[in-house]
Every structure is written in structure tokens, then in C-alpha cells.
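Here are some friendly notes to read alongside the model. Please keep it open while you go through the points.

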Amino acid sequence: MMCDFRKYDLTSFRRDLEELEIHLTKEQEERFLSFYEILIEWNEVMNLTAITEFDEVIKKHFVDSLSLVKVIPELRKMTSLNKENQGEGITLMDVGTGAGFPGIPLKIAFPELEITLLDSLQKRVNFLNEVIKKLSLTGITAVHGRAEDFARPGKLREQFDFCVSRAVANLSTLSEYCIPFVKKGGYFISYKSGGTEEEAVAAEAAVRILGGEKPKVFSFYLPGTDIGRKFYVIKKKAPTPAKYPRKAGLPAKEPILS
């Protein structure tokens, strides 16, 4: 893994991370820069992201992904700078990861996380595997498939402490995709760039049926900007009924309403 630090100004990135109380080693910073370079290289031949300028990728992809510490502050104990807290074995599923957000930034910053990246497009999974290889990441796996299939009994159902997603869909639909992956007592956390608290209210019936508690909404701004973000945080209190998730396509076409 080689990257020329001199090409990049990390001042803003470091300042944003300081605000999030995240502290990286030089090696971790180099991994972020290498990830950026691989992302831009692959983006020339396949559609991974419309955001390509360095500062924008840093802010809107990397910092946004790492903002999860606002609702899971214990992640800060899992950095390379906290050797005594390593080996806690927190598992995280990233559903609809796309170009690896938020899963890969979380893995770089919090290396003790055990992460599974799930995406339905094989080309994106190929990209993710290339990133994992070139960044020499361990404890992270990219899986090709649909959430409706992998959340079935005998697959990856109810195996994770956390399930996260930046995928674009209403909260009812995302809940049906994601809550089945979460262990009882774990959390599904949806990243949102827009939306309203009314979306959380509309999803309450679906969340309850799927075994979750009433969604909590956390609003914030990306550090140093007026760019608003939200986290919808759902704690799982009971096993998800066996009939969920329904067959492919139904969660999006016919969200659970009651």
C-alpha cells in the first residue's frame, strides 16, 4: 500500500475528526488516501460515486461514515491507539454498501470491528475486494447478494450487533431489509441525508412488527458545514418473525404499514 502524502492536504480531515473525537495513526490516514485513489481509479470505468473531488469525498463520504460515533461512542475505544480495548468482537453489517460506505471507513478507523459488506451488484463487490486487498484489511468481508436472501434463517440472520445502511429507501423498507440481521439487543442504524422525523413515525408499525423499538432520531451537521444529516436508531427487542424479510422486491414495492 503506497500513497504520496504530499499530494493531499489533510488539515480539514484532521480537524473534522478532532470534532468527532477520532484520532488516527499515520498508517490509518494513508489507508484513507489509498482508498480515495482506488475509488477514483475504478470510478472511471464504473459508476461508484458522483462525488469525486478530494475534499468532498473526505467530507461527504469519509467523515459522514465516521459520524456513527455520535450514536455509538464506544467505537472510539476500538482504534489502533487503544490497544487495551481491542478484541471486543463487535460485529457490523453494512447493507447496500455500494462503494463501501460506511463500512470501509469504519473498518479503517476502528480496526477491531468485524464487518460484513453486502451489495447486490457483483462489479461493486469486485471493487470492494480490491480495496480490502490493497489496504491489507482483515476482519472484513464483501458479500454479493440481496438482503432478502441473506437475512433468511441459516444465512446471516440475527448475527450482528449492529446493522447500518446509507442506502436510499424509506425507513419502513430499510427496516425490513436490515432488522432481521440484528441480534436481540443490537441496533439498526439508518444514515439519512434528508428525510424528516415524520418518516420515523410512519415506520413505527413496521419496526414494531420486525422486533424493534420505536425509532429514535438524531440530527446533526457534518463538521464545519451546514450540511444536515440524520441517524434513525432502532434497538431490537425481540426476534424478527420468520416471514420477514419477504421475497425480493416486496419490501420496496409494498412497505409494511400495519
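Predicted model: local features only at pLDDT ≥ 70, side-chain atom pairs only at ≥ 80, totals over all residues.

Which residues have the most contacts inside the largest nonpolar core? Residues are numbered from 1 along each chain as its sequence is written, and side-chain values use heavy atoms, with hydrogens and water left out.

1. The largest nonpolar core has 56 residues, and Leu68, Leu106 and Phe110 are those with the most contacts inside it. A nonpolar core here is a set of buried Ala, Val, Leu, Ile, Met, Phe, Trp, Tyr and Cys residues joined through side-chain atoms within 4.5 Å. Buried means under 20% relative accessible area, exposed means over 50%, and partly exposed lies in between (1.4 Å probe, protein chains only).

2. Setting aside residues up to four places away in sequence, Leu106 touches Ser65, Leu66, Leu68, Leu75, Leu92, Leu113, Ile115 and Tyr191 (contact means heavy atoms within 4.5 Å). A second, separate core of 27 residues includes Ala147, Ala151, Phe160 and Phe188.

3. The axes of H2 (residues 26–43) and H3 (residues 54–66) come within 11 Å and cross at roughly 120°. H2 is therefore oblique to H3. Helices (H or I, at least four residues) and strands (E, at least two) are DSSP runs numbered from the N terminus. Axes are lines fitted to C-alpha atoms, for helices over the stretch in contact, and angles run from 0 to 180 degrees between N-to-C directions. Angles under 35 degrees count as roughly parallel, over 145 as roughly antiparallel, 65 to 115 as roughly perpendicular, and the rest as oblique.

4. At this helix pair, Phe32, Leu33, Phe35, Tyr36 and Leu39 of H2 meet Phe54, Val57, Phe62 and Leu66 of H3.

5. On to charged pairs: the count comes to 14 salt bridges, each a side-chain nitrogen of Lys or Arg within 4 Å of a carboxyl oxygen of Asp or Glu. In one of them, Glu29 pairs with Arg14, with the closest N and O atoms 2.8 Å apart. This pair links distant parts of the chain, with Glu29 in helix H2 and Arg14 in helix H1 (residues 11–19), 15 residues apart. Glu29 counts as buried at 10% relative accessibility, whereas Arg14 is partly exposed at 42%.

6. Asp119 forms a salt bridge with Arg124, the closest N and O atoms being 2.7 Å apart. Asp119 is buried, with a relative accessible area of 4%, and Arg124 is partly exposed, at 21%.

7. Lys183 and Asp161 also meet in a salt bridge, at 3.5 Å from N to O. Lys183 lies in strand E5 (residues 182–192) and Asp161 in strand E4 (residues 160–165), 22 residues apart. Lys183 is partly exposed at 31%, and Asp161 is partly exposed at 21%. Elsewhere, Asp64, Arg166 and Arg229 are linked in a network of salt bridges.

8. Lastly, please look at Pro255, in the segment after helix H10 (250–253). Pro255 is partly exposed, at 24% relative accessibility. The C-alpha atoms of Pro255 and Thr173 are separated by 5.4 Å, although the two residues are 82 residues apart along the chain. Leaving aside neighbours within four places in sequence, Pro255 is in contact with Asn170, Ser172, Thr173, Arg246 and Leu250.
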